Amino acid sequence: MRRPLALVALALLLSLAQAAQAQQDGGTPETSAAQAQDAGTAAPVAAPQAVSPAAPLAGTGVIDPEELRRRILEDVRKELQKVRDETAWVQQDSDARAQDGEVLEAIKQRVNFFQPHGYLRMRGEFFNNMDLGRGADKTGHTLFPTPFIGQGGNHSQSDINMRFRFDPTLSISDDLSIHATADILDNVLLGSDPSNDPYLDPFTPLPILSNTRASSAVNIKRVWGRVNTQVGEFTFGRMPYHWGLGILHNDGNGLDQDFGDTYDRLAFTPRDWRGHRLTLMFDILDKGAGTTGEHGELGRSVDLDTLDDGYRLGLQISKVDSPEDMKRKLAANEWVVNYGLVVDYRTQAWDTPVMTAVPDKSVLGGFAQLRADVTRRAAKLYQPDVFFSVKRKKFSFDIEIASTIGSVASRSPSDLAFTFDPNSNQPLTFLQFGGALQTSVALLPFDAFLLGLEAGAASGDKGVYGMGARPWRSGSGGAQGPTVGGANFNSTGFGDLDGPHFDFSNPQHTHGHVNNFQFNRAFNIDMILWRNLITTVTSAYYIKPSLRYRPTGRKLGGGDDSGFELTVAMIYSQAFYAENTPSSVSTPLGLEANVGITYDTADKFHTGLSYGILLPLAGLKNSGDAPGSVVNVHDAGVAHAVRFMVAIPF
């Protein structure tokens, strides 16, 4: 109502000014306005309803003040009535809109909005000489699983796998939604599980006559819910988690990824404060032994003891623009600055590492059997991780630095094992650091040429053999550890590819720490060395310059993200400590070249072909059975890999 009244007041003032000016000049307001316009000046703004000028007194030419006052009041009453009529109409319209909103909300509550997302992927791989021809280490392990049928020059392997990832969202309302992730035929090899009939005899099936598959695979990986309230967002269930570049927490949702983090979580995110978001996370990592009753009469699994549970408490503080805001800022050539910190605290007091099969876990005898396989862990781990990103239309820079710091009071597999081997009660400490950066700059019209540089490092573990990516392997060291499955579990020795990063040598435990940081296995940087041979970045650093060329340009540069793209990358890798490498005597690991071509259509169909070649350096050779040995010494040969992929994301 304030705006119409202001207009009325303005109209009255203008009319009075015109009347006064006319009285002074001996003319009417209309003639004064016309004269002003003829003189080249702006005429007064027309009012919604001008006040009618009073007639001059007879024979004097002077306006009667009372008549002017009466007419002004009459015009004011007319304008006020118009304002009341307009206000009443606006109020009726507002009420109608409110009723429509209530009806719409009721409809939303009754109708579920289903949003399907995901992708269908088929991926083929060809490998040649992936064991580098260096032979096995003293434990019998090779760098990569090798062919076993052919003789001599058979060093090639090939396969095709597929996956249908289904990521639906069921929106109950604007504030309630349910999410899920299901992998159907998850990385199943094409040609696996043939349904074979005994065509020749009961013992000799012929797979080449098979015309069907024996089974299918459906893996329900994640299901979680989201509730949006007045105070913030609440999420619960089994859900993915991704942070920063993904070296510590990586959801693995990319088209060419095989791993991904999934947590059983309760989380709360209050309302954003000046663009900053705070999230509190509580994750249940392990529940230990449980029971469903003697014959399943409980109808669910019940945790037997809370002391063997493992938990994670996480605090995340971040400022991260939404994809829409980021795209808008970049299109306007504005700086986009994002950053954040996540701190994890993981704890577990006790552990039940050997789950003895006790049919009836509801009697004291069953509990006694479980108690024999319990050990005290007193594990406390802290994992701070900081992320920083700055982008502009033609430039990007992202960096993430993470660490794992903490201790475990005992690595013993059970209290019973500790009774027979006091050395197995060895405490362990963790002091690990890792980081990665990615930067790029766009050149040429439409940003068609992208020059990139990536680098990363994961701390090593001085004084112990092996890379540390497969700590579950028994080494060739002379110090004997606990017996697992009837076999001794030993420390690593000279020339071992991998194994545990601690020793069993004596009660003093001269190497009672694990300091090699491991990148998340979903974080892929190459095709051969880190992805397939070592299986994760650890105990080393890498430098990766790259070139990408898209003839049609990129959308942010005014081009088109569909069409062909050519990529070329070189990756140099080197360990921090020579004893961690497969050679045990040299730190340079290898130089790998990856080239590829992809094609994308406007409706998101994607296909690509890539080739990788690894030139191994001294750190990957087989140095023999001992330092200075001439027995079983082998140089490492060149490895090749080819990968093709077709995918339909949606």
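**Close-ups of salt bridges, a pocket and a cavity**

**View 1. Asp303 pairs with Lys287 through their side chains.** The two meet in a salt bridge at 3.2 Å, N to O (a side-chain nitrogen of Lys or Arg within 4 Å of a carboxyl oxygen of Asp or Glu). Asp303 sits in strand E11 (residues 302–303) and Lys287 in the loop between E9 and strand E10 (290–291), so the pair ties together parts that are 16 residues apart in sequence. Strands here are DSSP runs of at least two residues, numbered from the N terminus. Asp303 is partly exposed at 25% relative accessible area, and Lys287 is partly exposed too, at 33%. (Buried means under 20%, exposed over 50%, partly exposed in between, with a 1.4 Å probe and protein chains only.) A note on what you're looking at: this is a predicted model, where local features need pLDDT of at least 70 and side-chain atom pairs count only at pLDDT 80 or more, while totals for chains, interfaces and linings use all residues. Residues are numbered from 1 along each chain as its sequence is written, and side-chain values use heavy atoms, leaving out hydrogens and water.

**View 2. Glu125 belongs to a network of salt bridges.** Glu125 lies in strand E2 (residues 118–128) and is buried, with a relative accessible area of 14%. Leaving aside residues up to four places away in sequence, Glu125 touches Gln157, Ser158, Asp159, Asn161, Val642 and Arg643 (contact means heavy atoms within 4.5 Å). Across the whole structure, a search finds 30 salt bridges.

**View 3. Here is the second largest pocket, with about 1,600 Å³ of space.** On a 1 Å grid over the protein atoms alone, a pocket is an open set of points with protein on both sides within 12 Å along at least five of seven lines, a cavity is a set where a 1.4 Å probe fits but cannot get out, and lining residues have an atom within 4 Å of a point. The volume is the space filled by probe spheres set on the points, which are joined across faces, edges and corners. This pocket has 45 lining residues, with Leu381, Val408, Phe430, Pro471 and Gln518 nearest its centre. Strand E14 gives the most to the lining, five residues.

**View 4. The largest cavity holds about 60 Å³ of space.** Its lining includes Thr142, Met467, Arg473, Asp498 and Pro582. The whole structure has two cavities of 30 Å³ or more.

How values were computed:
Helix = DSSP H or I, 4+ residues; strand = E, 2+ residues; numbered from the N terminus.
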